[in-house]
Amino acid sequence: DVNLEKDVLTVKAERHVPEGTDGELYTRRELTYGTFARTFTLSSLVRRDEVDASYVNGILTVTMPKAEEATPKSIAVNVA
């Protein structure tokens with residue numbers, strides 16, 4: 001679940017134990033399972049109406065385009 005409210009972007013998800021691993025004994029387990037949430041405060045330079053999210057092959061990608069005024073501009077310097 002990806003939610004954008006005012007200047008706050010919240011990502012919530014749940015990891016499940018892989019099928020067929022219930023009841024197995026482990027000496028050490030590196031991955032955690034269960035629900036989690038992460039919250040990010042966005043810059044005022046993000047165009048909120050164009051924020052997009054996709055989930056492909058286990059990777060969540062959130063795209064946040066910058067506002068026009070946030071784009072760096074090159075200024076030519078005339079040398080006399």
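**Before selecting anything**

The model is predicted: local features need pLDDT of at least 70, side-chain atom pairs count only at pLDDT 80 or more, and totals for chains, interfaces and linings use all residues. Residues are numbered from 1 along each chain as its sequence is written, and side-chain values use heavy atoms, with hydrogens and water left out.

**Whole chain**

Show the protein chain as a cartoon. It has zero helices and five strands, in the order β-β-β-β-β along the sequence. Helices (H or I, at least four residues) and strands (E, at least two) are DSSP runs, numbered from the N terminus.

Switch to a surface. The protein chain exposes about 7300 Å², and carbon and sulfur atoms supply 51% of that area; accessible areas come from the Shrake-Rupley method with a 1.4 Å probe, and for residues only the protein chains shown count as cover. Of the 80 residues in the protein chain, 11% are buried. Buried means under 20% relative accessible area, exposed over 50%, and partly exposed in between (1.4 Å probe, protein chains only).

Among contacts in the protein chain with a separation of 6 or more, 38% are between residues 24 or more positions apart. A contact means heavy atoms within 4.5 Å.

Select residues 2-5 for β1 and 8-15 for β2. The two strands run antiparallel and are joined by four bridges; strands pair if DSSP finds at least two bridges between them. Glu5 stands opposite Val8 in β2. The hairpin has two residues between its strands.

Now select Lys6, in the loop between β1 and β2. Lys6 has a positive phi of about 55° although it is not a glycine. Most residues other than glycine have a negative phi. Lys6 is exposed, with a relative accessible area of 71%.

**From β2 across to β3**

Eight bridges join β2 to β3, and the pair runs antiparallel. Leu9 has Phe40 in β3 as its bridge partner.

Select Thr10 in strand β2. Is Thr10 buried or exposed? Thr10 is buried, because its relative accessible area is 15%. Beyond its neighbours within four places in sequence, Thr10 is in contact with Asp1, Val2, Asn3, Arg38 and Thr39.

Arg38 counts as partly exposed at 46% relative accessibility. Leaving aside neighbours within four places in sequence, Arg38 is in contact with Leu9, Thr10 and Val11. For a distance check, pick the C-alpha atoms of Arg38 and Val2: these residues are 36 apart in sequence and 9.8 Å apart in space.

Select residues 52-56 (β4) and 59-63 (β5), which run antiparallel and are joined by five bridges. Ser54 stands opposite Thr61 in β5. These strands form a hairpin with two residues between them.

In the loop between β4 and β5, select Asn57. Its phi is near 55°, a positive value in a residue other than glycine. Asn57 counts as exposed, at 77% relative accessibility.

Then select Ala53 in strand β4. Ala53 is partly exposed, with a relative accessible area of 38%. Which residues does Ala53 contact, leaving aside its neighbours within four places in sequence? They are Val2, Leu60, Thr61 and Val62. Ala53 and Asn3 are 50 residues apart in sequence, with 10.0 Å between their C-alpha atoms.

**Last stop: the largest pocket**

Select Asp1, Val2, Val11, Lys12, Ala13, Glu14, Arg15, Phe36, Tyr55, Gly58, Ile59 and Leu60, which line the largest pocket. The elements giving two or more residues to this lining are β2 and β5. The largest share, five residues, comes from β2.

The space in the largest pocket is about 260 Å³. On a 1 Å grid over the protein atoms alone, a pocket is an open set of points where a 1.4 Å probe fits, with protein on both sides within 12 Å along at least five of seven lines; lining residues have an atom within 4 Å of a point. Grid points are joined across faces, edges and corners, and a volume is the space filled by probe spheres set on the points.

Colour the lining by class: seven residues are nonpolar, one is polar and four are charged. Here Ala, Val, Leu, Ile, Met, Phe, Trp, Tyr, Cys and Pro count as nonpolar, Asp, Glu, Lys and Arg as charged, and the others, Gly among them, as polar.
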